[in-house]
Amino acid sequence: MYRQKYIFLLPGLLVLVAIILFPLLFTIRVSFSSWDVYNPGLNWIGGENYARLWEDARYWEALTRLSVLTVGTVLLQYTLGFALALLVWRDIAARRFFRVLFLVPMMTTPVVMSVIWRTIFHESLGPLNPILDAIGIGAQPWLSQAGHAFAAVMIVEVWQWTPFMFLLLLAGLLSLPNEPFLAARIDGAGPIRTFLSVTFPMMGAISVGAILIRLIEASKLMETVYVLTSGGPGTSTETTSYYIYIRGMRDFQIGYSASLSLTYLIVMSVALTLIAKALIRLMVKDRT
Amino acid sequence: MAEIILENLAHAYAPGAPYALKPLHMTWRNGGTYALLGPSGCGKSTMLNIISGLLRPSEGRVLFDGQDVTALDTGKRNVAQVFQVPVIYKSMTVGENLGFPLVCRGASPQKIKARVETVAERLGLTQWLKRPANALTADMKQLVSLGRGLVREDVAAILLDEPLTVIDPQLKFDLRRILKEINEEFRVTMVLVTHDQTEALTFAEEIVVMNHGEVVQMGSPTELFERPATEHVGWFIGSPAMNFLPALREADRIVVPGTGLSVPVTGPLPQGELKIGFRPEHATLAPTGGHIEGRVARIWFEGSDEVIGIDRGAHRVKVRASGTSPARTGEPVTVSVPGDRLSVFVNGKRLSSG
């Protein structure tokens, strides 16, 4: 009966196979080969790539750096986004204007914005250093020193993606019922206590959602690094995806970069799952 | 615990806008139970929010025990409010919820613990104290909301904003009983906002009937039932509603033409439409010899009583009779009403002498 129903499933299934299943399986197969620019082809070298990866300090450094960058930027984005959302949540003058204004960075193209930021950070031509000079902080070697370059990448990421947090958290705030706030006023709670006991707990679920979406996105961080610092100075701002890009697309070590990608996928899936569980336990209180 | 005086109070949501609450003056006794009764949008919640301080009245003053609290912030007024939707702080346990108002007021941990235990004991929540408040059922959450009010010993009044609407019918009954007991035990002024007349009539000593932002009548359940100030009250209170029949003045009597209903009047009457009203409970059926003749159109039950709808021309008269009456649908019947049970309404307002 109704055997034709499978025909209707076919297009979706084909797309799934073509863009997810086949590339994944093919990558697994390639990661066990020594496919590179000299010897293209699917030979079998066993776990050699994985043994090499285990010893590859640059890869693990990039992964650690990415973790710090991801967690750091997402926490900053969350804090800033929440603060901005709280600011325009209640009745303030021109709140519609501010709500739109705060979203502008998100609507711009990341690569274009990175180019603009590279100009801003430029040590002799950019506008930032003269301003810092003028207010007495002094010019900073933004893109030529490891710590500063790392900070620069973080600033751009936070600038670009705080609006996303702001948007989700504002939507969350606007959907909250009014009664708990009235009750807190009647019970005599001040603004800080109201935030800690009423607003924040009620925002738990949406906060976890917003943080996870941003963590997943941020763990793929690549274009900002590519445009702003090209991983430099040295490898001090190199993230995992950028390193895989160098190995695969610049050095054409296809087999090796396949093993890097797979390891990256597995590490990220496990880490994000664990983080998600921890966040839910920590922040979502309305499970009965 | 306090006596609440609403002094020349009125409220409009914007300057120049029509009154959401028309000017009124009212005194609420310390420890009394009051109900604000009226259809949706009649201004009862506005009035409640003015008392709790969530809303600042555009005119007049609110006095608690003679002290002007109009400009005082909600938290400083020491009122408690229970909302239609049960409000609990979901990140806290039941105990922490109950203690929250005291924590906000900086009470000592020992005092908080003692008060929370007393209140929990009274409300039967002791076994739940350590449980997350979010795991409770709706009616227990309402008890927690109520408990947050009781935990403050000096609470001036407990305001209840349709707190029984989302509660299951059987539990509603229990909760109403608990509210009454608490009122008697703690002698705390309680104000219930409701659109359910049964709820108002069973809970309150005094009922404030509101309509279109105006206080139509304030009085005990018996007063509202026996002597409704307006046609609206007669219609709104009682089930089924009061009967109204168009009337005329004939010399020194007001009569309903074609019936034996008549009320003596002396002196001049205000100009306007005349009606005679009576309660279905006060009318009785007789096969012949009653005041009104008609035909039984419909019979239905309300509790153990029977309500008989009788058509007389364009008007339907309802009679409430206990038990089963001999009336049959379609048969002619007569209705008699004692003369002292008749009220005269001019332009919708009750004539005090009638």
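In this predicted model, chain B has a mean pLDDT of 86, and 99% of its residues reach 70 or more, where pLDDT is the predictor's confidence in each residue, from 0 to 100. Among the elements of chain B, the highest mean pLDDT, 91, belongs to helix 3 (residues 94-104) of chain B, and the lowest, 81, to helix 2 (residues 74-77) of chain B; helices here are DSSP runs (H or I, at least four residues), as strands are (E, at least two), and they are numbered from the N terminus. Where pLDDT is low, the predicted coordinates should not be read in detail. The model as a whole scores ipTM 0.76 and pTM 0.78.

Residues are numbered from 1 along each chain as its sequence is written, while chains are lettered from A and ligands numbered from 1 in the order in which they are written. This is a predicted model in which local features need pLDDT of at least 70, side-chain atom pairs count only at pLDDT 80 or more, and totals for chains, interfaces and linings use all residues, while side-chain values use heavy atoms, with hydrogens and water left out.

Now turn to one residue, Leu175(B), which is found in helix 6 (residues 169-186) of chain B. Leu175(B) counts as buried because its relative accessibility is 8%, and buried means under 20% relative accessible area, with exposed over 50% and partly exposed in between (1.4 Å probe, protein chains only). Leaving aside neighbours within four places in sequence, Leu175(B) is in contact (heavy atoms within 4.5 Å) with Asp139(B), Gln142(B), Leu143(B), Leu164(B) and Ile167(B). Asp139(B) lies 36 residues away from Leu175(B) along the chain, and their C-alpha atoms are separated by 7.7 Å.

What happens between the chains? Here 19 residues of chain A are in contact with 24 residues of chain B. The area buried between chain A and chain B is about 1,900 Å², of which carbon and sulfur atoms give 64%; buried area is the accessible area (1.4 Å probe) that two parts lose on being put together, summed over both. In chain A, the residues that lose the most area to chain B are Arg185(A), Ile186(A) and Asp187(A), together 37% of what that side buries.

Across this interface of chain A and chain B the rule finds 2 salt bridges, each a side-chain nitrogen of Lys or Arg within 4 Å of a carboxyl oxygen of Asp or Glu. The side chains of Asp187(A) and Arg152(B) meet in a salt bridge (3.8 Å, N to O).
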